[in-house]
Structure formats: structure tokens, C-alpha cells
Amino acid sequence: MRQASRKEQKDATQRRLVEVGLDFFAARGFANSNTADFAKAAGVSHGAVFLHFPTREALVLRVLDVFGDRLSAALKAAMQGEASFEGVLRAHLGVLRDYEPFYARLVQEGPLLPIRARSLLFIINASVSHRLKLVAEAEAAAGAMRKFAPHLLFNTWLALLHYYLANRDVFAPGESVLSAKGDELVAHFLDLVRKEAEKP
Amino acid sequence: MTLKCVSCGSCGFPMEKPEDFALGDPSQPYCRYCTDRAGALLPYEDVLETNARHYVETQGVNPEAAKAMAAALLASMPAWRDRPHA
């Protein structure tokens with residue numbers, strides 16, 4: 001009995017450390033933060049962090065895994081009922097806006113992160129790309145949109161979002177860049193991909 | 001708070017509907033993409049190939065880089081984490 005409750009306690013602490021990690025890495029970044037500051041933010045001793053995560057990388061990867069699970073579930077739920085190209089763009093944008101601080105860090109520091117962390121982001125984006133491809137094909141077949149190679153269509157949209165996210169401090173200081181610029185970005189992207197006759 | 005659905009123990013694919021599971025059976029630990037018609041787990045190389053192709057097709061990732069990324073993800077999955085040299 002005692003053993004089980006100690007394990008429960010350990011699991012609860014670990015979950016709390018992950019929650020702190022989500023805010024901590026979003027605010028401080030991955031490259032320029034250390035476990036001593038993380039321990040302070042979590043209100044535990046430096047050694048206690050390593051009782052739960054043997055290395056700094058293990059902590060970062062665990063936090064990224066949890067973030068990936070949440071982002072992925074949120075994207076799936078948001079895109080599920082969207083049958084239009086614009087609807088999927090807006091659903092994608094809305095979820096990224098909800099997760100913006102942490103996601104923006106991933107965009108800014110992605111190439112410096114361990115390959116498993118990078119692959120996580122790419123696998124999440126794979127599902128968005130696939131969804132976008134399905135609705136784009138349907139709209140192209142209906143004559144409303146030009147045809148594109150699916151990966152280029154998605155990468156062009158993502159490049160737009162990521163550019164604003166990577167430079168969010170200058171595009172929208174002190175606020176969510178996707179809230180401030182989201183409508184403009186969606187309208188611009190639709191303008192690029194829609195056929196001339198369909199443009200208002 | 002989102003509800004976490006069961007994910008494939010081989011590739012991490014989220015399995016929600018019965019048809020997502022091997023043999024259409026929600027008690028199976030792996031998804032339909034990672035298993036053969038009898039529900040048996042496919043060889044590692046096949047699963048790796050399928051996952052890597054996903055990166056290539058959806059985002060135009062270089063095939064070798066896609067393989068390295070897929071291998072990095074599979075290395076933490078229950079089906080493959082004890083595999084020597086992931």
C-alpha cells in the first residue's frame with residue numbers, strides 16, 4: 001500500500017514538472033535555459049529534477065511528447081468536421097494560436113533540438129498536410145482552386161505561419177501574432193491558391 | 001483538457017475507430033498499418049519505410065532524412081524500444 005502511494009506521489013510530481021516545463025520552455029526556450037532555473041520555477045531542489053528525469057534531454061523530450069500529444073489531439077478535433085479548404089486553414093491556425101508560445105519556440109529552435117523532437121513536429125504536421133490535401137483536391141476538382149503538389153501547398157502555408165511565428169516579437173509585440181495577423185494570412189493564402197474567376 | 005486516445009504501440013498512430021486497429025479489433029495493440037492480414041506486427045524495416053514515406057509525401061522531406069526521423073520516433077515505441085540499435 002505504502003509503495004503504491006509513493007509511486008502515485010512520484011507520478012503526480014512528474015506530471016507537475018511536465019506542466020511547469022511547458023510554461024518554462026515556452027518562456028525561456030530550450031537552448032538558453034538550464035535545469036537549475038527549471039528547478040527554481042518548479043519549486044523543487046535541483047537534485048529532485050534528476051530523480052524524475054535522468055538527464056536534461058529526458059526532461060525536454062518528455063515535455064515535448066506531452067505537448068505533441070495535446071497539439072495532435074487538438075488539431076484532430078478541430079479539423080475533423082472541416083470540409084472546406086478555408087475551414088481547415090482556420091482550424092489549423094486556431095489550434096496553433098492556442099498553443100502559440102510553446103509552438104513558436106519549436107519553430108525558432110527546432111533545428112537545434114534532438115532529432116526525435118524534430119520528427120515529432122514533422123509527424124504532427126503530416127496529419128495537417130494530409131487533411132489539407134484532401135480538401136484541396138476536392139476544391140480543385142470543383143474548379144475553385146488551382147492544383148498544387150500537396151507537399152508544396154502545405155509547406156507554403158506553413159512557411160507563412162512559421163515566418164510570423166519565428167518573428168512574433170516584431171510582428172505583434174506582447175500579443176499573439178496569430179491572433180493579430182491570422183485573418184490577414186488566411187485571406188492572403190486563399191488569394192494565392194484560388195482560381196482567378198473565384199476571386200472576389 | 002483533451003482525452004488521450006489509444007495509440008499504436010509500434011508507430012504511435014492514434015487509434016480511435018475499430019477499423020484503425022489491427023483486424024478491426026480494439027483489443028489489438030497495433031494499428032492496421034503496422035500489421036499484416038493476420039494481425040501480426042510487420043518487420044521493423046517495413047514499418048520504418050511506411051513512416052518515412054509519410055514525411056516524404058506530406059512535406060517533401062529528403063528520403064534519407066525522413067528515414068532518420070522515423071527511426072528516431074520508432075526508437076521510443078513499445079514495439080521497438082528494446083530493439084538493439086534503433
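## Confidence in the model

Chain B has an average pLDDT of 90, and 92% of the residues score at least 70; pLDDT is the predictor's confidence in each residue, on a scale from 0 to 100. For the complex, the predictor gives an ipTM of 0.82 and a pTM of 0.88. Where pLDDT is low, the predicted coordinates should not be read in detail.

This is a predicted model, in which local features need pLDDT of at least 70, side-chain atom pairs count only at pLDDT 80 or more, and totals for chains, interfaces and linings use all residues. Residues are numbered from 1 along each chain as its sequence is written, and chains are lettered from A in the order in which they are written.

## Fold and shape

Let's walk along chain B: its pattern is β-β-α-α, with two helices and two strands. Here helices (H or I, at least four residues) and strands (E, at least two) are DSSP runs. Chain B is as compact as a globular protein of its length, because its radius of gyration is 13 Å, close to the 12 Å that the globule rule gives for 86 residues. That radius is taken over C-alpha atoms, and the rule is 2.2 Å times the number of residues to the power 0.38.

## Inside and contacts

Of the 86 residues in chain B, 35% are buried, meaning under 20% relative accessible area with a 1.4 Å probe, protein chains only. Take the contacts (heavy atoms within 4.5 Å) between residues at least 6 apart in sequence: in chain B, 28% of them join residues at least 24 apart.

Methods: Heavy atoms only, no water. Buried < 20%, exposed > 50% of the residue type's maximum accessible area, 1.4 Å probe, protein only.
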